[in-house]
Amino acid sequence: MTSSTAAMTSKLDKEISSIVKQSSFDRKNRSFKNSITYADFLSNKMLMILVIREGVPYSLFNLIQHFTPFSEESWAKILDISSKTLDRYKQTGKRFKSIQSEKIIEMAEVTHVGLDVFGSMDKFKLWLETTNYALGSLKPIELLNDSYGKDLVISELTRINYGILV
């Protein structure tokens with residue numbers, strides 16, 4: 001892990017931990033330790049649901065945005081909002097709606113798996129932007145606008161990770 005990746009992961013760890021501590025989720029139902037990491041968050045579907053339902057705050061989105069290989073234009077397209085609306089979220093610091101929050105978390109998942117498979121953001125980004133026969137001769141990035149496409153991309157990344165090439 002490069003020092004910049006480690007620094008970003010540390011920021012994400014702190015932000016996720018803060019969000020979970022401040023959440024209105026019933027504390028009795030929590031089955032996790034006091035300090036939660038970004039990796040813990042991405043492996044716990046219940047926590048993801050909690051954050052999605054409450055809405056991803058812009059502060060978390062900003063960190064995820066900088067940790068993923070997607071441009072601001074790509075994010076606007078993925079979230080199905082205009083760049084101006086994205087700028088308004090930035091200025092006000094408000095939380096995203098649940099539908100947009102879900103997309104943000106999905107892209108965080110894809111990036112997490114992609115980095116695990118390829119080991120670097122540059123290699124992962126190259127893979128995302130390269131036509132892929134196993135994905136219907138589409139670029140993986142073209143499939144990320146909906147959850148079925150995201151599932152196909154993650155499945156393909158998993159196959160690559162296990163050496164199952166189509």
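**Close-up views of a predicted model**

By the rule applied here, one cavity of 30 Å³ or more is counted. The model shown in every view is predicted.

**View 1. The largest cavity and its lining.** The largest cavity has a volume of about 30 Å³. Its lining is made up of Ile 19, Val 20, Ser 23, Leu 50, Val 51, Glu 54, Gly 55 and Arg 95. Helix 1 (3-22) and helix 3 each contribute at least two residues to the lining of the largest cavity. Helix 3 gives the largest share, three residues. By type, the lining of the largest cavity consists of four nonpolar, two polar and two charged residues.

**View 2. The second largest pocket.** The volume of the second largest pocket is about 160 Å³. Lys 45, Met 48, Ile 49, Ile 52, Glu 102, Ile 105, Glu 106, Glu 109 and Lys 150 line this pocket. At least two lining residues come from each of helix 3 (45-54) and helix 7 (98-118). The lining of the second largest pocket holds five charged and four nonpolar residues, and no polar ones.

View 3. In helix 5 (residues 72-79), the buried residues are Trp 75, Ala 76, Ile 78 and Leu 79. Because these residues cover an arc of only 165° around the axis, they sit on the same side of helix 5. An α-helix has 3.6 residues a turn, so residues three or four places apart point the same way. Glu 73 and Lys 77 are exposed on the face of helix 5 turned away from its buried side. The cover over the buried residues of helix 5 includes helix 4 (58-67), helix 6 (83-92) and helix 7.

**View 4. Thr 68, between helix 4 and helix 5.** Thr 68 belongs to the loop between helix 4 and helix 5. Thr 68 has a relative accessible area of 7% and therefore counts as buried, the cut-off being under 20%. Its side chain makes a polar contact of 3.3 Å with the side chain of Trp 75, which is one of the buried residues of helix 5. With neighbours within four places in sequence left aside, Thr 68 is in contact with Trp 75, Met 107, Thr 111 and Met 121.

View 5. Asp 80 is located in the loop between helix 5 and helix 6. Phi of Asp 80 is positive, near 55°, in a residue other than glycine. With a relative accessibility of 71%, Asp 80 is classed as exposed.

**View 6. Helix 8 and the helices it packs against.** Phe 124, Trp 127 and Leu 128 are the buried residues of helix 8. Seen down the axis, these residues fall within an arc of 100°, so they line one face of helix 8. Asp 122, Lys 123 and Leu 126 are exposed on the other side of helix 8. Helix 7 and helix 9 are what the buried residues of helix 8 pack against.

**View 7. Ser 137, between helix 8 and helix 9.** The loop between helix 8 and helix 9 contains Ser 137. Although Ser 137 is not a glycine, its phi is positive, at about 60°. The relative accessible area of Ser 137 is 44%, so the residue counts as partly exposed.

View 8. Asp 146 lies in the loop between helix 8 (121-128) and helix 9 (147-161). A polar atom of the Asp 146 side chain lies 2.7 Å from the backbone nitrogen of Gly 149. Asp 146 and Lys 103 are 43 residues apart along the chain, and their C-alpha atoms are separated by 8.2 Å. Asp 146 has a relative accessibility of 39% and so counts as partly exposed.

Definitions and conventions
Residues numbered from 1 in each chain as written. Predicted model: local features only at pLDDT ≥ 70, side-chain atom pairs only at ≥ 80, totals over all residues. Heavy atoms only, no water. 1 Å grid on protein atoms, 1.4 Å probe; cavity = no way out; pocket = protein on both sides within 12 Å on 5 of 7 lines; lining within 4 Å. Points joined across faces, edges and corners; volume = space filled by probe spheres on them. Helix = DSSP H or I, 4+ residues; strand = E, 2+ residues; numbered from the N terminus. Nonpolar A, V, L, I, M, F, W, Y, C, P; charged D, E, K, R; others polar. Buried < 20%, exposed > 50% of the residue type's maximum accessible area, 1.4 Å probe, protein only. Polar contact = N/O pair within 3.5 Å; in protein donor to acceptor, adjacent residues only side chain to side chain. Arc of directions from axis to C-beta. Contact = heavy atoms within 4.5 Å.
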